[in-house]
Amino acid sequence: MPIDGLKIIQAVMESSRIRESKGIIPIFGVYVSLFFVQYYNRLSFQYEKLLGEKGAAQAAAYLTEAAQECGYATFHGVRNSWEWQEIVQPMIEKPEDQILGFTAMAEAFGWGALQIQKIVPYVELRLRVHDSYEATGYQQVYGRAPSGKCYMLRGVTGAFMDLLYGDDYPDGCFSFKAEEIRCRAKGDAFCEFWARKNDAGHP
Ligand SMILES: [Zn+2]
């Protein structure tokens, strides 16, 4: 049975109506909350700007690593939830189908329309995103970017591969490393992320 992304998105949307008193949403084994995209973008991009031209690459690396670690823990929780076991697991025929489950979840979280371009098990993942909120947010404030700006999605692309082909949780994080090879913020038609084995073994 192929992965029915719409079914997953619907399940997430329905479950997200349940809110705890502080606004926390318990869903698919993890806790999420509504967050202002512009606020998140401002924090990321101002941090990068504060470090200046010399520190920009380091800022980008830190923001990507933070996203990869967060994505690794979050999607580990998701795939161990009873909702995943009940809704997604029956549709999975081969290990890499899990990534289709992850991308449907990510769409439901509002991260953009994620399209898998290529998966080679244990080797690489190419993910295309058409409406990354980071690219939109960067352009709105700063205009055309000199380099890719979607650190969250970049880190998460690496995390998806870590979860499938890295060592068992929690030792597999940063087994892969992703680059953003195209970004709408720098004038490309879409953003594209490419995760490959991280031979350095650390972020
Ligand atoms: Zn981008």
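Trainee: Which residues does Ile87 touch, not counting residues up to four places away in sequence?

Mentor: This is a predicted model, where local features need pLDDT of at least 70 and side-chain atom pairs count only at pLDDT 80 or more, while totals for chains, interfaces and linings use all residues. Residues are numbered from 1 along each chain as its sequence is written. Two residues are in contact if their C-beta atoms, placed from the backbone, lie within 7 Å. By that rule, Ile87 touches Lys7, Ile8 and Ala11.

Trainee: And how many C-beta neighbours does Ile87 have inside 10 Å?

Mentor: Ile87 lies in helix H4 (residues 82-88); helices (H or I, at least four residues) and strands (E, at least two) are DSSP runs, numbered from the N terminus. A residue is buried if 20 or more other C-beta atoms lie within 10 Å of its own, exposed if 12 or fewer, and partly exposed in between; C-beta atoms are placed from the backbone. Ile87 counts as partly exposed because its C-beta neighbours number 19.

Trainee: At roughly what angle do the axes of H2 and H3 cross?

Mentor: Axes are lines fitted to C-alpha atoms, for helices over the stretch in contact, and angles run from 0 to 180 degrees between N-to-C directions. Angles under 35 degrees count as roughly parallel, over 145 as roughly antiparallel, 65 to 115 as roughly perpendicular and the rest as oblique. H2 and H3 are therefore roughly antiparallel to each other. Their axes come within 8 Å, and the crossing angle is roughly 150°.

Trainee: Which residues in H6 (residues 133-142) does H2 (residues 37-50) meet?

Mentor: The axes of H2 and H6 come within 10 Å and cross at roughly 70°, which makes H2 roughly perpendicular to H6. From H2, the residues taking part are Val37, Gln38, Asn41 and Phe45. In H6 they meet Tyr133, Glu134, Gly137, Tyr138, Val141 and Tyr142.

Trainee: How many helices and strands does the chain have?

Mentor: You can follow them along the sequence as α-β-β-α-α-α-α-β-β-α-α-β-β. The tally for the chain is seven helices and six strands.

Trainee: What radius of gyration does the chain have?

Mentor: It is taken over C-alpha atoms, and the globule rule is 2.2 Å times the number of residues to the power 0.38. With 203 residues, a compact globule would be near 17 Å, so the chain agrees with the rule at 17 Å.
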